[in-house]
Amino acid sequence: MSEQATLSPLGEKLQQSKQHILQKDFRGAWELLQAARSQQGESTPGEQEELLYQMGVCMNGLEKPAEAINFLSRSLRLSENAQDVSAQARNIEEMGGAHHQRGEFRQAEALYDRAHKLYHKLEDAAGIARGYRNLGGVRVDLGHITQAAGDFNTARKLFSDLKDTEGVATCVTNLAMLTYRHKGRVAAIEDYQQHLAQGDSDHYLVFNNIGFLQLMEVQLEAARENLQKGVDDCLKRSVEDDNIGLLYLNLGVVDALEGKLDAAQEHLDKAAVVFTSYPVGKAVLVALLPPQAQDEHKLGRIQVAEDGHKMAITFLNSAMVAHLRGDQSEAQQLAQKAIELDKEQGYGYAGLGWLFKVAGDTQAAGHAFRRAMMKEPNNPFFKQSLDCTNPYLNLKLGRNEPCPCGSGKKFKKCHGAG
């Protein structure tokens, strides 16, 4: 008799939900687990612990760490009652991740360290490697950079010994991020290239990150090559989560910058399909700008959203593709959709402002740029964009003096208004 045939109804659902979790489909896993809760009466204590643990993992994945802590605490109690050290370690590790999400870095570090010690006791090589990586991550947030780099390097070696390419990739991306913070994009690109040369980090996470940095450096040919490698790796691994969506998104930007508008929209459409299924989470993303932002004002062809909403950025980039096709009405409608998806940040307003600017509506552009600055007052790009609509705004003029534009109006009634 097969193992599958001997599973209880709850056990079967737990196996199904686990597969969804492995694919980072936390919403799909959560729906299965909710249905599975009705079958707890037929379950073993081990299955009850597994159910609570998976529910905690889903809540972490859906960025609901408080709920995750609740489920994981209950799961931990069951594992302690059963004296199951392995289950204790994974619950404590996941609880560390929940506290990390909440910004409770000291508590996260203590939990990661506690789990790490249990993995050492179990001689669990994969758990030990994850422990170093987890500790490195929280120590970055605590400002312990040298210690964090040491943790990541140790974890990288352990993952490499285990032939765990994804584990290596997560360490490589963390190490390159440290390089980026302290030495800039070019140094980070070189860091990625050195890691890739070792032959153990060919993974979509690495390909996307180096491709993204090369895109920001306008190294478009190299960016395309690495981003396409990332897509190919995702397809080979049957990855369907937001990682492949980000690769499509970045490829769409490269296409648009190279004037390949059909390919750009095709990649952006693929990204939108993925992000519809995986809407949770934000990232550092780039949004296209009209060529005039570079040609006339030397502001470049992209703006950076430090905490960009994935679907909003996709709509905003589709808006710029529509603009490049000459469909200004559709462009403005798509930019408005982007704003509706992320009203709390300024990049959508800035993108819409540039569409107004190139259409000749400087008043509407100025209004949009001011809205962007209201969201992020210290963003230099938004300030420079606003200055492009009103070159007189920063002149030291009295509000009752004549406006220098020659309109004959007082400054406060003309370019000094607002």
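**Close-up views of a predicted model**

**View 1. Helix H4 and the residue that follows.** Just after H4, Glu63 adopts a positive phi of about 60 degrees. The model shown is predicted, so that local features need pLDDT of at least 70 and side-chain atom pairs count only at pLDDT 80 or more, while totals for chains, interfaces and linings use all residues. Residues are numbered from 1 along each chain as its sequence is written, and side-chain values use heavy atoms, with hydrogens and water left out. H4 spans residues 45-61, and its 17 residues reach 24 Å from the first C-alpha to the last, close to the 24 Å expected at 1.5 Å a residue (1.5 Å times one less than the number of residues). Helices here are DSSP runs of H or I with at least four residues, numbered from the N terminus. H4 is mostly covered, with 13 of its 17 residues buried (under 20% relative accessible area, with a 1.4 Å probe and protein chains only).

**View 2. The packing of helix H9 against helix H10.** Helix H9 (residues 145-161) and helix H10 (residues 165-183) pack at an angle of about 155 degrees, with their axes 8 Å apart; axes are lines fitted to C-alpha atoms over the stretch in contact, and angles run from 0 to 180 degrees between N-to-C directions. That angle makes H9 roughly antiparallel to H10 (over 145 degrees). On the H9 side, the contact (heavy atoms within 4.5 Å) includes Ile145, Ala149, Phe152 and Arg156, and on the H10 side it includes Val168, Cys171, Leu175 and His182. The residues of this contact divide into 10 nonpolar, five polar and one charged, where Ala, Val, Leu, Ile, Met, Phe, Trp, Tyr, Cys and Pro count as nonpolar, Asp, Glu, Lys and Arg as charged, and the others, Gly among them, as polar.

**View 3. The packing of helix H11 against helix H12.** The axes of helix H11 (residues 185-197) and helix H12 (residues 204-216) come within 10 Å and cross at roughly 150 degrees, which makes H11 roughly antiparallel to H12. Among the residues making the contact are Arg185, Ile189 and Tyr192 of H11, together with Phe207, Ile210 and Leu213 of H12. The contact of H11 with H12 comprises nine nonpolar residues, three polar and one charged.

**View 4. The surroundings of Asp342.** Asp342 lies in the loop between helix H18 (328-341) and helix H19 (347-358), and Asp342 is buried, with a relative accessible area of 6%. Not counting residues up to four places away in sequence, Asp342 touches Lys282, Asp307, His309, Ala312 and Tyr347.

How values were computed
Helix = DSSP H or I, 4+ residues; strand = E, 2+ residues; numbered from the N terminus. Buried < 20%, exposed > 50% of the residue type's maximum accessible area, 1.4 Å probe, protein only. Parallel < 35°, antiparallel > 145°, perpendicular 65-115°, else oblique.
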